[in-house]
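Please read the following report with the sequence and the three-dimensional structure at hand.

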Amino acid sequence: MTEKKNAKGLKKYILGLILPVIVGVLMLDAVYLLPTERVEKNAVAAFEYFYRRAFDEENIEFDTLDQRDDFTDIIIFSNCFARLPGDPFYKAALRSTYIGYPVGTNETAQTEHYTKTDYPAQLYHPFYGMMYYVFQGSGFSYAEYSRYWGGYQTVLIPLFEIMSYRSLILLNHIVIVLLCAAAVILTAKRFGLPCCAAYACMLISLAPAVIPVCLQYSTMLYITLVSSILFCCMKNRENIPLLFMLTGSATAYFDFLTYPVLAPAVLCTLYILDMFDSETVPTIIKRLFVCCVLWAAGYSVMFGSKWVISAVVLGEGVFKEALLTAQFRISGVGYSLPEVLSYFAKTLALTARPPVIVISLLCAAVSVLFAVRKKDAVFSGGKLLLFLIPPMIVLAWFIVIRNHSMQHPFLVVRNCGAVWFALLALISSIKTKKIGSVTDAEDTKKE
């Protein structure tokens, strides 16, 4: 009986790794068969918006939560209507189109193998590529950023067929507000008001007013909110590891490497809260480790499958390109570990906005007051240290891809929202009776 159960569970996880890849390819192929006339019209209509904002980033420091990355948003938007010659599978699954340099700048512009030094600097900004495309035709699209799946196109292309860019931004505001409200309410329902306040504080630390107006910022917040809602609705703990795996797959498919560890770190905190009163410390650590490994498996298989498919179909040296890309992201040349840790602390401090500090102090005051009133309350214990695991995940990601982290702080800074959630969840758990004791777990089960 046990062997059959284990075999069934293994099959479930294998399907959880393979099916998202298959579905992802089919979805990209399907949306690339849609006509692009209306999307192009919407691009022309949105041109003024991008024109006004295209160079704002040159006048804004990159170490602020208020920074909008229109550079990447133009790439995302342009990819929805730009088309390369070839079949949909090649265009959608293997290469993500990128509007950049105009054709004819020089001979190397006719190929994918070029460097920034081949072109005048002012032509590198995707705004120029979009401008040439809008006013001169379709001869200005290139294959670039192929290391990403570009799964956002499966949502954006159909939406751009029926609405303008501005309407999409309005819709984005409405949907994000509704999902945030649902996540906060469900967290309160399942874990209580202190944890609800902790989750709300996490959302505030992300600078939520900026996220809906940025396409790439929105993708990761959607994944975080939806995964949190699914977690709170789950009644069977056996499905939680699968949720971690699918969240990893969705992150690799949709995300532009913005703040990808926010979702798994938040899920880890929710899982700790779920097991806090009923499981021992070793059991919780073991389950968290399994879930994190499954998230990494889902992320890695989805991310790497694009390179495998490309190598099989095209026979190109895509693995070499993949390794070079990974090396570039991970490379820490010129960044010492103390320097990286110092910069991480500075990045974390950016999220400490006044509302976050106020909520944190209120949570601490209420939790400590509640604990003091309990005669058998304990203020120390191994279980409280469990809440340090999610911040460690964020820090580890920051260090592993230190080159990307140091160069794009305005992206990775939102990973730090999970740190606030974990620390406030720790504070709210001070009220727990006999923290860290096996007896407490047994008493809880009996009750």
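A residue is called buried when its relative accessible area is under 20%, exposed when it is over 50%, and partly exposed in between (1.4 Å probe, protein chains only). The model is predicted, so that local features need pLDDT of at least 70 and side-chain atom pairs count only at pLDDT 80 or more, while totals for chains, interfaces and linings use all residues. Residues are numbered from 1 along each chain as its sequence is written, and side-chain values use heavy atoms, with hydrogens and water left out.

**Surface patch**

V23 counts as partly exposed because its relative accessibility is 41%. V23 is placed in helix 1 (residues 2-31); helices are DSSP runs (H or I, at least four residues), numbered from the N terminus. Together with L10, I14, L15, I18, L19, I22, L26 and M27, V23 makes a nonpolar surface patch of about 780 Å². Such a patch joins nonpolar side chains (Val, Leu, Ile, Met, Phe, Trp, Tyr) within 5 Å, from residues with over 30% relative accessible area and no salt bridge.

Among the buried residues of helix 9 are C195, Y199, M202 and S205. A207 follows helix 9 and has a positive phi, near 55 degrees.

G417 belongs to helix 20 (residues 417-428) and is buried, with a relative accessible area of 0%. Beyond its neighbours within four places in sequence, G417 is in contact (heavy atoms within 4.5 Å) with M202, S205, L206 and L262.

**Salt bridges**

A salt bridge is a side-chain nitrogen of Lys or Arg within 4 Å of a carboxyl oxygen of Asp or Glu. The whole structure holds four salt bridges, including those in the table.

| Pair | Closest N to O |
|---|---|
| R190 and D274 | 2.9 Å |
| R237 and E279 | 3.4 Å |

Which residues are linked in a network of salt bridges? They are R190, R237, D274, E279 and R287. R190 counts as partly exposed at 27%, as do R237 at 26% and R287 at 30%.

Note on methods
Patch = residues over 30% accessible without salt bridge, like charges linked within 9 Å, V, L, I, M, F, W, Y side chains within 5 Å. Areas by Shrake-Rupley, 256 points an atom, 1.4 Å probe, with all protein chains shown as cover. Helix = DSSP H or I, 4+ residues; strand = E, 2+ residues; numbered from the N terminus.
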